[in-house]
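Here are my notes on this entry, as numbered points. Please read them with the structure open.

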Amino acid sequence: MAEAGQAAVRATRPPVLEIEGLKKHFPIKKGFLRRTHGHVLAVDGVSFTIGEGEALGLVGESGCGKSTVGRAILRLIEPTDGVIRIGGEDIRELSKRELKPFRRQMQIIFQDPYSSLNPRMSAGDIVGEPLSTHGIASGRKREEIVAKLFDRVGLSRAQMANFPHQFSGGQRQRIGIARALALNPKLIICDEPVSALDVSIQAQVINLLMDLQRDLGLSYLFISHNLSVVEHISQRIAVMYLGRIVEYADKTTIFTNPGHPYTEALLSAVPVPDPKIKRSKIVLQGDVPSPVKPPSGCHFHTRCPYAVDRCRSETPLLREIAPRQFVACHLR
Amino acid sequence: MSHSRALQAKPSAAAGGQAKPIDSIAGIAVADPLLTVADLKTYFFTRNGTAKAVDGVSFAIARGETLAIVGESGCGKSMTALSLMRLVADPPGRIVDGEVVLDGVDLLKLPEDEMRAMRGRDISMIFQEPMTSLNPVMTIGRQIGEVLTMHKTMPRDELQKKVVEMLALVRIPEPAQRAKEYPHQLSGGMRQRAMIAMALACSPKVLLADEPTTALDVTIQAQILELIADLQRKLGTAVVLITHDLGVVAEMAQRVIVMYAGRKVEEASAEDLFAGPLHPYTQGLMASIPRLGLMRGESAKTERLQEIPGIVPALYSLPQGCVFAPRCPRADDKCRSEFPPYEEKHSRHWAACWHAGEGKERAHG
Amino acid sequence: MTTTLDHSAELARAGANVSTRWQAIRFLARRYPLGAFGAFIILIFILTALLAHWISPYDPTLTNARASLAVPGAAHWLGADFMGRDILSRIIGGAQISLAVGIGATVLGLSVGIPIGLASGYFGGWLDLIIQRFIDIMQSLPLLVMALVMAASLGPSLRNTIIAIAIPLVPSIARIVRSNTLALKEMPFVEAARAIGIGETWIAARHVLPNTLAPLIVLATAQFGSAILVEASLSFLGLGVPEPYPSWGRMLSESAAEYMRTAPWLVIFPGVAISLVVFGANLLGDALRDLLDPRLRT
């Protein structure tokens with residue numbers, strides 16, 4: 001497999017999650033007979049590991065496939081190919097029933113605090129449902145656990161009987177976090193958990209997530225387009241572009257010494273809240289190409305300021321250009 | 001000239017409300033204002049009560065300047081822009097008081113047909129979501145052409161030429177081809193460029209940009225911000241940039257207004273504001289955002305972000321006294337009972353706070 | 001499944017300060033006066049049907065030759081028909097039939113349409129394709145024509161009338177459940193339920209179905225009205241509830257041709273009864289739609 005080299009990238013601590021060569025190709029169906037006319041290569045061979053108590057940031061622009069990776073790991077969408085190991089066991093081809101015990105180990109927090117909670121269930125029922133589903137607790141016992149979860153995420157126990165719309169955006173996100181915590185998972189996939197929140201509320205939720213990580217030893221796959229947030233919360237970062245990881249390294253390395261031209265441009269495009277800093281920006285030309293017909297060779301060559309002929313014809317593999325820094329670029 | 005006219009018109013409006021000294025009206029912040037907004041009040045009258053979406057906001061902007069209005073959702077920043085355009089949905093909203101003087105003309109006193117003539121020609125606006133602001137069944141070229149023909153008559157071929165020229169100006173590749181395409185055929189960034197072309201087609205004096213890059217990816221955002229700044233230099237347009245992103249503010253604006261719950265709480269030059277915010281809300285906002293310290297050579301440390309406790313109050317039931325008091329670490333009894341006056345605390349740095357400036361060292365890290 | 005409408009929540013959002021049920025009703029009545037009027041009509045109608053035995057002045061089937069075509073007056077408030085049967089008593093008795101048909105057909109239609117729509121929308125695929133084409137065929141005929149065909153083939157009886165009216169209601173119920181399900185099954189809270197490990201059938205029943213309730217209630221009130229109207233039409237055509245039950249539709253059909261000019265009360269009063277109930281159901285449905293749709297509630 002071409003991605004064999006990528007599997008060598010290991011977290012520093014024992015891995016909670018390992019994925020190798022993960023692929024998700026959505027068929028494009030057209031016409032009356034719904035024949036398949038090609039595929040959207042949403043995720044095209046992604047590999048990484050997440051260690052115990054570690055936060056891996058997965059960054060990239062819309063349509064790069066970062067959310068698809070998160071959903072494919074949880075098998076909320078069925079991956080096309082690859083290996084997904086939870087605690088050493090491959091779960092990609094398990095049946096729904098076989099998968100159920102693994103659901104206790106990994107949970108998800110969503111972006112939109114409004115549509116991620118069932119509007120017709122009380123907050124207490126939403127948080128308690130995982131407990132009943134897995135037969136962990138019911139009745140009074142369930143209520144006690146839910147009350148403790150409410151304390152844990154900074155909600156008042158008195159609000160357990162309230163319905164989602166009676167909460168503010170930040171509080172609703174806390175309910176979503178409490179639901180994810182109910183099963184006591186090792187790994188939480190955070191899919192843009194603060195993007196829909198106001199600036200002053202973002203800080204509250206980020207702090208909560210970091211407190212939980214410290215106290216409970218949680219691992220996060222932190223999916224976000226916001227580099228400042230990712231820098232704050234994660235230890236290692238993977239940068240995605242059009243379904244592939246283009247750079248994968250420790251946070252400090254990525255931010256101080258980016259290896260891939262795309263990472264470099266992405267970092268330079270983030271507006272810095274300090275008018276005294278006038279940086280020379282690398283403004284990328286053009287739009288992100290469609291994942292239906294990605295460019296040949298290196299996907300980034302159409303926008304890359306340094307592209308040479310080789311980039312147009314040959315796909316670069318992820319290589320270790322410096323200790324623990326993996327970059328997919330011919331020029332490094 | 002426009003300045004003096006704005007001030008002459010003032011007493012009549014001030015007579016009804018609490019008499020504010022004219023000096024404290026924002027016109028003073030700018031020597032020769034192009035646009036002066038004085039004591040603007042836009043209220044929403046609903047079954048649940050009156051929401052003061054914009055409550056006595058004043059500011060001014062000079063030719064070619066960029067003024068940023070910052071705040072969180074519901075602070076009234078978008079409603080301020082819509083009020084300047086007189087596009088507030090009525091009912092339930094209504095501009096109940098104030099003046100908006102553009103080059104000597106009070107927009108709020110114009111009859112509707114004259115205001116319509118001003119829109120697009122003298123003052124225009126771009127929105128956050130370019131898809132919903134463009135007509136899906138008209139080509140990009142026709143939509144830009146429509147703006148042009150609305151304000152002056154020109155022969156067909158000249159119009160066509162001007163449209164292509166505008167698309168080229170906003171750096172849309174193959175402009176002649178793109179003019180024949182429909183909005184859904186363009187990417188988000190291209191649509192925002194087309195919106196900008198439409199807004200600038202008649203070279204307006206003022207451009208109101210309401211979260212113009214919020215829906216875009218960061219590399220596309222960089223393109224659009226660069227384009228706006230570039231066109232502003234070329235055309236001398238004054239830009240009112242409405243955003244929640246302090247990073248965008250720092251990169252684009254010369255002066256900044258901070259709004260909270262319908263009121264202006266602080267105003268200063270961008271440098272002064274970022275160097276030493278006076279209002280506790282501004283301080284809280286700045287301390288609550290993660291700052292990409294690694295890129296600036298800071299060591300990797302994971303400290304807690306500073307939080308602003310609580311949530312933004314509902315505009316129907318604002319607290320007595322200072323609207324920020326319930327969330328403010330420095331609030332005392334005076335804050336909870338009396339609304340703080342809007343004063344010049346330092347040279348050319350205004351804030352509405354009884355405790356302005358206290359503890360600013362803490363906020364800046 | 002024990003999902004009730006979350007009234008307290010709706011009220012809180014509407015800004016009402018209510019602590020008791022009675023206060024809540026008064027608040028809603030003031031906010032939706034037309035809906036309250038509709039609810040009042042329906043309530044009177046239901047009470048009339050339930051208490052028919054005690055409030056009707058005569059036996060609705062009792063003939064009296066001397067009272068034939070009696071003008072409305074002290075003895076017969078709304079007059080009497082050519083067989084001397086008291087019109088008021090027959091309208092009260094007819095309310096029972098109309099209520100039975102209205103509720104029976106709506107409930108039967110819902111209990112068949114909801115599972116079909118839910119399965120079709122949630123599980124999709126071939127099942128959906130087949131169900132939808134079948135529904136297309138059923139919907140190509142108007143409600144009344146469909147009911148006519150059904151009634152004619154089943155034969156006249158109260159039970160058959162209810163079935164005949166319920167079956168044509170199924171497609172529109174299934175459609176509305178399906179279209180809501182299609183949107184709901186993509187919602188993150190459904191994904192969250194899946195991530196927890198909840199089974200698909202249970203997700204459909206517990207997370208999707210309750211969220212289709214608001215449009216369903218609106219549809220059900222509208223269909224309650226049209227079921228009554230269709231029953232009247234069927235009976236008017238002689239295909240509805242047979243003698244000796246008094247039916248509003250048959251009261252019309254028996255007298256419309258002959259007595260419209262000579263004894264108009266035979267036509268007017270049953271007509272008014274039908275119109276009022278249908279009108280009330282529609283007013284109530286409109287108010288419920290506003291009340292249950294967060295976007296229409298400021």
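1. Start with strand E9 (residues 255-260) of chain B. Six of its six residues are buried, so E9(B) is largely enclosed by the rest of the structure. Keep in mind throughout that this is a predicted model.

2. Which way do the side chains of E9(B) point? Arg255(B), Ile257(B) and Met259(B) point one way. Val256(B), Val258(B) and Tyr260(B) point the other way. Both sets are buried, Arg255(B) included. As background, side chains in a regular strand alternate between the two faces of the sheet.

3. Strand E3 (residues 66-70) of chain B pairs with E9(B). The two run parallel and are joined by four bridges. For a landmark, find Ala68(B), which stands opposite Val256(B).

4. E9(B) also pairs with strand E10 (residues 263-269) of chain B. Here the strands run antiparallel, with six bridges between them.

5. E9(B) and E10(B) form a hairpin with two residues between the strands.

6. Now the helices. Helix H5 (residues 140-151) of chain B packs with helix H6 (residues 156-169) of chain B at an angle of about 110°, and their axes are 9 Å apart. That angle makes H5(B) roughly perpendicular to H6(B). The crossing is right-handed.

7. Which residues of H5(B) and H6(B) meet? H5(B) supplies Ile140(B), Gly141(B), Ile144(B), Gly145(B), Leu148(B) and Thr149(B). H6(B) supplies Leu159(B), Lys162(B), Val163(B), Met166(B) and Leu167(B). By class, the contact has seven nonpolar, three polar and one charged residues.

8. Last, the chain as a whole. Chain B has 14 helices and 12 strands. Of its 365 residues, 57% count as buried. Among contacts in chain B with a separation of 6 or more, 67% come from residues 24 or more positions apart.

Methods: Residues are numbered from 1 along each chain as its sequence is written. Chains are lettered from A and ligands numbered from 1 in the order in which they are written. This is a predicted model: local features need pLDDT of at least 70, side-chain atom pairs count only at pLDDT 80 or more; totals for chains, interfaces and linings use all residues. Side-chain values use heavy atoms; hydrogens and water are left out. Buried means under 20% relative accessible area, exposed over 50%, partly exposed in between (1.4 Å probe, protein chains only). Two strands pair if DSSP finds at least two bridges between them. Axes are lines fitted to C-alpha atoms, for helices over the stretch in contact, and angles run from 0 to 180 degrees between N-to-C directions. Angles under 35 degrees count as roughly parallel, over 145 as roughly antiparallel, 65 to 115 as roughly perpendicular and the rest as oblique. A crossing is left-handed if the near helix is turned anticlockwise from the far one by less than a right angle, and right-handed if clockwise. Contact means heavy atoms within 4.5 Å. Ala, Val, Leu, Ile, Met, Phe, Trp, Tyr, Cys and Pro count as nonpolar, Asp, Glu, Lys and Arg as charged, and the others, Gly among them, as polar.
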